[in-house]
Amino acid sequence: MPQHVRGVVARAKGEPVRVETIVVPDPGPGEAVVKVQACGVCHTDLHYREGGINDDFPFLLGHEAAGIVESVGTGVTDLVPGDFVVLNWRAVCGRCRACRRGRPQYCFDTHNARQKMTLTDGTELSPALGIGAFAEKTLVAAGQCTKVDPAASPAAAGLLGCGVMAGIGAAINTGGVGRGDTVAVIGCGGVGNAAVVGARLAGAAKIIAVDIDDLKLETARTMGATDTVNARDTDPVEAIRELTSGFGADIVIEAVGRPETYRQAFYARDLAGTVVLVGVPTPDMQLDLPLLDVFGRGGTLKSSWYGDCLPSRDFPMLIDLYLQGRLDLDSFVTETITLDEVEDAFARMHKGDVLRSVVIF
């Protein structure tokens, strides 16, 4: 029987979100219903509320979550009720050209649940990133559930579902940071600080954090940055060069998503160095770079989507590091809140007061 639960809904562009009653259907073939235990408040959810993703209102927000599988539909063989899972928004198909070539992290045909969750009047909801986890329960494709060690804190584990994985993956998977490398991270919000953590895990010798907020830079130091640069007071390109013997960093990770910060990343790298764009730009942004500089400086310009992660590979590994005390996911949780406080959490996020607010159920 369909279940009625509470969830956070964005009904129209720019309007405050509201907690409403959501109807969650029984899982169909290849689907699962998950009882959500924790869900982080990610900037992407704010983008949805402000119409920055698309205009498929109303949205059921929330996607950075962990919980317990409650029930599964027919054909689901790798999940059972009671499994502790982190939700991911890229359930790979196993059939597309990327999957067939052994690169499922680039899957071109990821999928979500076929059925729709609705409001009580039957209005269909668009779940954020195909998840919709600001709700007591949610319906997802079974492939969006990644089993991890249940000893992990749900508030910490859920962060792997988006922002923390994006940052760590940008450093390790996309950027290929290795032992002894010099790394600069431009933008020290949740994703940028996760990139700092990823660079530290990979053995970088020098990690330079760049931001315009001293509080964020101090947080970056606690995450593993060896040096900090306040770009409000100092030219970050010159500062990064000075800190790298005049050469520039081997890998520069841009976690802001703006043309001006991307240009800084481009010129702050060493010759033949790598730029990784993990910050999300808006559709109207344009980048202007001299083509001769692109040619002459060599190296690699990459974008990192979801940290180029493969959830079945990366989530359990990172949770193991967390349980071993080698990855401090708890430090990303600035505060825990209730469903009714999501709108206030958006305001704190906009002001840069938090790394992550996490809804606890």
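Predicted model: local features only at pLDDT ≥ 70, side-chain atom pairs only at ≥ 80, totals over all residues.
**Exercise 1. In what order do the 6 strands of the open sheet stand, and is their pairing parallel or antiparallel?**

Residues are numbered from 1 along each chain as its sequence is written, and side-chain values use heavy atoms, with hydrogens and water left out.

Step 1. The order is β13-β12-β11-β14-β15-β16, and the pairing is parallel; strands here are DSSP E runs of at least two residues, helices are H or I runs of at least four, and both are numbered from the N terminus. Two strands count as paired if DSSP finds at least two bridges between them.

Step 2. Because β13 (227-230) and β16 (300-303) each have a single partner strand, they stand at the edges, and one side of each is left without a neighbour in the sheet.

Step 3. Within the sheet, β11 (residues 182-186) is joined to β14 (residues 249-254) by 4 bridges, and I186 stands opposite E254 in β14.

Step 4. Helix α5 (residues 190-201) packs on this sheet, where it touches β11, β12 (206-211) and β14, and its direction makes about 170° with that of β11. Contact means heavy atoms within 4.5 Å, and such angles run from 0 to 180 degrees between N-to-C directions of axes fitted to C-alpha atoms, for helices over the stretch in contact.

**Exercise 2. Which residues of α10 are buried, and what covers them?**

Step 1. Helix α10 (residues 311-323) has 13 residues and reaches 18 Å from its first C-alpha to its last, close to the 18 Å expected at 1.5 Å a residue, the expected span being 1.5 Å times one less than the number of residues.

Step 2. The buried residues in α10 are P311, D314, F315, L318, I319, L321 and Y322. They cover an arc of only 155° around the axis, which puts them on the same side of α10; the arc is taken from the directions from the helix axis to the C-beta atoms.

Step 3. The elements covering these residues include β6 (84-87), β10 (145-147), α3 (154-157), α4 and α5.

Step 4. Just after α10, G325 takes a positive phi of about 80°.

**Exercise 3. Locate P16, and say whether P16 is buried or exposed.**

Step 1. P16 lies in the loop between β1 (3-10) and β2 (18-24).

Step 2. With a relative accessible area of 55%, P16 is exposed.

Step 3. From C-alpha to C-alpha, P16 and V342 are 9.5 Å apart in space, although 326 residues separate them in sequence.

Conventions. Buried < 20%, exposed > 50% of the residue type's maximum accessible area, 1.4 Å probe, protein only.
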